[in-house]
Amino acid sequence: MSLLSVRDLSVSFRGPGGWVPVTDRVSFDVEAGTTVGLVGESGSGKTVTALSAMGLTRAQGARVTGQVLFDGEDLATLSQRELSTRRGATISMIFQQAIRTLDPAFTVGEQIAESVRRHERVSRKEAWRRAVEMLDRVHIPRAAERAAEYPHTFSGGMCQRAMIAMALACSPKLVFADEPTTALDVTVQARILDLLREIQRDTGIAVVFISHDLGVIAELAQHVVVMYAGQVVERAGVEELFLRPRHPYTAGLLNAIPAVGRGRRLISIPGNVPAPGAMPPGCRFHPRCPHGVTGRCDTGPVDLVEDVRCVRSGEVPLLGIPTPAGARS
Amino acid sequence: MLKLVGRPLLALVPTLLVVTFTVFLLVEIAPGDAGYALAGENPSPEVVEAIRQELRLDEPLLQRYFEWLGNAVQGDLGQSYLSNQPVSELLLQRLPVTLSLGVLSLLLAVLAGFALGILAAFRPGRLVDRIVTAVSSVMLAIPSFWLALVLVLIFAVSYAVFPTLGYAELSEGAGQWLYHLALPALALAMNPAATIALQLKSALIAEEGSDYLMAARAKGLTAASLMFKHALKNAAVPVVAVLGFRIAALLGGTVIIETIFVLPGLGLLAQQTAMNQDVPVMLGIVTVTTLFVMAVNIVVDASYGLINPKLRGAR
């Protein structure tokens with residue numbers, strides 16, 4: 001059995017004219033100790049899916065249906081009080097804007113220790129010791145001193161390291177990493193990715209890595225879930241997905257990865273992700289799809305069949321690329 | 001810390017000069033003078049002139065001002081025209097009453113304001129929030145003297161729960177002290193309580209959507225911990241700023257409230273001296289009040305640093 005099994009997770013938010021569906025029957029599995037990449041443009045529902053799996057959108061008043069089978073129980077049926085004992089303890093989350101996700105009014109150490117004390121019966125002193133240990137673990141220099149400082153004295157990369165330390169302080173089994181490197185410099189980005197890889201190697205934690213960048217996903221993930229406009233459009237192993245994409249949207253994302261010295265022209269996908277509540281009929285991607293056919297793609301809703309959501313699957317030749325990791329070795 | 005306290009202390013000197021000189025000037029411009037005020041009804045011009053000579057009101061304004069200033073710097077605030085009592089003695093007598101009233105109403109305002117603000121912020125837009133917002137808006141619009149009179153009508157006249165006027169010192173027992181101060185403190189607290197409630201509510205709601213609260217929830221904190229520990233500490237910054245202004249306004253309010261309830265504090269004294277043109281006492285009150293407001297400002301500024309670490313400056 002998978003560690004995490006998201007089944008038909010649909011999320012709606014209350015809008016001015018009633019409920020607006022944001023994600024539609026999202027399903028994917030995460031095996032213990034592995035990394036799954038959740039990829040798609042902004043607005044495709046990746047973050048909402050992760051937040052909803054942890055019950056965090058329900059806390060904001062969203063309507064959530066479906067199952068989130070995690071570690072032997074369905075998180076979707078738990079109350080907020082019950083969920084609060086799981087969050088941070090067995091399932092955790094790293095956010096995109098680390099600087100804004102640390103409370104400016106408390107020291108970094110206090111915030112990590114707070115998480116430890118919430119889930120484990122330890123003394124204040126022991127919790128503080130653990131906080132310093134975690135900061136050291138994520139390679140923050142002079143961890144004992146820095147723990148007593150406030151987030152505004154930390155750089156962006158340091159904040160993200162502190163955030164990672166906070167999320168992992170209680171050794172969860174799975175962590176959602178929501179674009180943890182997007183807001184950072186490229187060099188800092190690479191170091192944070194190294195850190196995540198190192199932690200995963202040492203602890204065997206499962207990671208759901210959310211990104212709009214397939215290049216980053218290729219460096220970390222074994223499996224990839226591609227989302228578009230609130231739906232899963234393709235699921236595959238990372239090599240398979242890169243070499244033989246089966247959905248035109250996946251192919252589009254692959255061709256948008258910048259590659260140095262490979263002489264490949266960068267092709268962006270024209271248009272934008274449709275807004276929730278304004279979905280086109282039929283395949284949600286067809287207005288932007290180079291292979292769209294009137295009468296077939298724009299009629300009924302398209303189901304996910306054999307891990308791909310495309311009526312012309314197998315009909316059109318789609319160009320893959322070698323995974324960046326494979327190209328390097 | 002030195003910067004935080006030192007700068008406002010330097011600003012104190014010109015402020016005090018301007019404020020005291022303005023009082024001198026206003027008394028000069030105002031019709032009549034202490035001569036008339038002290039001479040009784042239908043005085044002969046000779047009597048008035050004699051009093052003026054005695055008080056040296058015939059000397060030029062600037063000369064009198066600098067004379068007063070010279071003495072004040074040495075701690076001598078002069079004597080009351082009316083009673084010949086030293087001004088500093090008079091002030092020390094009256095100050096505890098006003099402080100009692102001020103501290104009590106401030107305490108009431110903070111307690112009620114925070115309770116109402118938090119209550120409303122828990123469920124924004126729901127019934128509780130609407131009631132709190134409506135009540136606070138009404139409380140803001142009601143002047144304290146009107147409220148004082150209504151309170152007296154209800155709780156002192158119709159139901160004799162509290163006295164209509166008078167004061168008991170704390171040394172006569174906390175019960176008596178509170179018994180006499182309850183209505184005036186309530187009347188005075190209403191306005192700042194409403195301001196705090198509305199400010200805190202909107203500050204808390206603004207914090208509610210912030211990323212750090214989402215992250216704090218994601219690490220397993222409970223709703224109560226999110227609200228009372230994290231959101232409240234961040235929302236307190238603008239509220240403390242407002243509190244500083246309200247304390248100064250509160251001091252102004254004591255003049256009216258002390259007059260209504262005949263509480264022998266600085267406010268009542270200020271009202272009486274203004275009627276009698278008792279300039280030395282007036283100057284004493286103004287000096288003490290200015291010092292007090294400046295002190296409050298320093299405390300408020302310093303407390304920002306305690307709440308908001310960013311203002312503590314780089315270490």
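Which residue in β2(A) does V6(A) stand opposite? Start there, describe the sheet around that pair, and then move on to chain B.

Analyst: The residue is F28(A): V6(A) stands opposite F28(A) in β2(A). Bear in mind that this is a predicted model.

Take the strand pair next. Strand β1 of chain A covers residues 4–15. Its partner here is β2(A), and the two run antiparallel. Nine bridges join them.

Now widen the view to the sheet. It is open and has four strands. The order is β2-β1-β4-β5 in chain A, and the pairing is antiparallel. The edges belong to β2 (18–30) and β5 (73–74) of chain A. Each edge strand has a single partner strand, so one side of each is left without a neighbour in the sheet. F28(A) is in β2(A), so its strand is one of those edges.

A helix belongs to this picture too. Helix α1 of chain A, residues 46–53, lies across β1, β2 and β4 (63–70) of chain A. Its direction is at about 110 degrees to β1(A).

On to chain B. Contact between them involves 14 residues of domain 1 of chain B and 15 residues of domain 2 of chain B.

Consider the side of domain 1 of chain B that touches domain 2 of chain B. Both α1 (2–29) and α2 (34–38) of chain B supply at least two residues each to that side. The most comes from α1(B), with ten residues. By class, that side of domain 1 of chain B has eleven nonpolar, two polar and one charged residues.

Helix α9 of chain B spans residues 211–218, and helix α10 of chain B spans residues 223–261. They pack at an angle of about 140 degrees, with their axes 11 Å apart. α9(B) and α10(B) are therefore oblique to each other. The crossing of α9(B) past α10(B) is right-handed.

The residues that meet can be named. From α9(B) come Y212(B), L213(B), A216(B) and R217(B). From α10(B) come L226(B), H230(B) and A231(B). By class, this contact of α9(B) with α10(B) has five nonpolar, one polar and one charged residues.

Definitions and conventions
Residues numbered from 1 in each chain as written. Chains lettered and ligands numbered in written order. Predicted model: local features only at pLDDT ≥ 70, side-chain atom pairs only at ≥ 80, totals over all residues. Axes fitted to C-alpha atoms, helices over the stretch in contact; angles between N-to-C directions. Parallel < 35°, antiparallel > 145°, perpendicular 65-115°, else oblique. Left-handed = near helix turned anticlockwise from the far one by under 90°. Contact = placed C-beta atoms within 7 Å. Nonpolar A, V, L, I, M, F, W, Y, C, P; charged D, E, K, R; others polar. Pairing = 2+ DSSP bridges.
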